[in-house]
Amino acid sequence: NFLHLIQSTNTKIKVGSIYFILFMLIHVVFTLSSSTFRSSFVIFTQRKYSLLPKTNGFLMSYLGVLSVFTQTFAIRFFVKHLEETQVILFAPVVLAISYISLTLTWSTTGLLIVLVPIIISSGLMRTCVLSLIMDQIPKAESGKMMGLVTSVESVARIICPTLAGLLLNYSISGALVFGATICSILASVIYYHHRILQGIHTKPSTQNLP
């Protein structure tokens, strides 16, 4: 189980288990925030921008294009120039600002623009946090740990639609305010521990890609 995995690692990994737990908590909280946003997105756009189902379909395709761009180009660019710990420091700040900006945007053009930093920052955050988690465990345990991470994400996705519905029932921008609050808390926690995180000196495996 989870505790046995940490206890069974060598001395180096035992020392790093504090980082492992920290990154896992960051991942869980971030997944809760991002999944709540995605669960509420279609209803949010229908209510706030009065978008037709056809337009919402195009909008979801637009999100898909942004996700492909993030995974193909943006992550490659950022991990070449920044440490993973630096990426997870600024990504929640960008997300919090973007969520708040979306609550203040009433045009579809503004919506399309604000979605760019939201999708890119979310992709960067998830990829870098997962990489940092995997760096803290033995390679032999990587498959088991990916299963645990996937299970945690699945639980979050079960909770988030209900949470999104409750927040939307309270306010049209409820999920955005929730996301901004969570990201602000994450940014504060990561900033507080940033000097400790810098001591890891972990470079992403993709940094030497052409």
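This is a predicted model: local features need pLDDT of at least 70, side-chain atom pairs count only at pLDDT 80 or more; totals for chains, interfaces and linings use all residues.
Helix H4 passes helix H7 in a left-handed crossing.

**Exercise 1.** Determine how the axes of H4 and H7 are oriented to each other, and list the residues that make the contact.

*Solution.* 
Step 1. Two packed helices are described by the angle between their axes and the distance between the axes.
Step 2. H4 covers residues 84-104 and H7 covers residues 174-192; their axes come within 8 Å and cross at roughly 155°.
Step 3. Angles over 145 degrees count as roughly antiparallel, and H4 and H7 are therefore roughly antiparallel to each other.
Step 4. On the H4 side, the contact is made by Ile 88, Leu 89, Pro 92, Val 93, Leu 95, Ala 96, Tyr 99, Ile 100, Leu 102 and Thr 103. H7 contributes Leu 176, Gly 179, Ala 180, Cys 183, Ser 184, Leu 186, Ala 187, Ile 190 and Tyr 191.
Step 5. Sorted by class, the contact of H4 with H7 holds 16 nonpolar residues, three polar residues and no charged residues.

**Exercise 2.** Decide whether Ser 33 is buried or exposed, and find which residues Ser 33 touches.

*Solution.* 
Step 1. Ser 33 is found in helix H2, residues 11-49.
Step 2. The relative accessibility of Ser 33 is 1%. The cut-off for buried is under 20%, so Ser 33 counts as buried.
Step 3. Leaving out residues up to four places away in sequence, Ser 33 touches Tyr 99, Phe 178, Gly 179, Ile 182 and Cys 183.
Step 4. Compare with Exercise 1: Tyr 99 of H4 and Gly 179 and Cys 183 of H7 are among the residues in the contact between those two helices.

**Exercise 3.** Locate Ser 50, and state what its phi angle and accessibility are.

*Solution.* 
Step 1. Ser 50 lies in the loop between H2 and helix H3, the latter spanning 53-81.
Step 2. Its phi is positive, about 55°, although Ser 50 is not a glycine.
Step 3. Ser 50 has a relative accessible area of 58%. Exposed means over 50%, so Ser 50 is exposed.

Conventions: Residues are numbered from 1 along each chain as its sequence is written. Side-chain values use heavy atoms; hydrogens and water are left out. Helices (H or I, at least four residues) and strands (E, at least two) are DSSP runs, numbered from the N terminus. Buried means under 20% relative accessible area, exposed over 50%, partly exposed in between (1.4 Å probe, protein chains only). Contact means heavy atoms within 4.5 Å. Axes are lines fitted to C-alpha atoms, for helices over the stretch in contact, and angles run from 0 to 180 degrees between N-to-C directions. Angles under 35 degrees count as roughly parallel, over 145 as roughly antiparallel, 65 to 115 as roughly perpendicular and the rest as oblique. A crossing is left-handed if the near helix is turned anticlockwise from the far one by less than a right angle, and right-handed if clockwise. Ala, Val, Leu, Ile, Met, Phe, Trp, Tyr, Cys and Pro count as nonpolar, Asp, Glu, Lys and Arg as charged, and the others, Gly among them, as polar.
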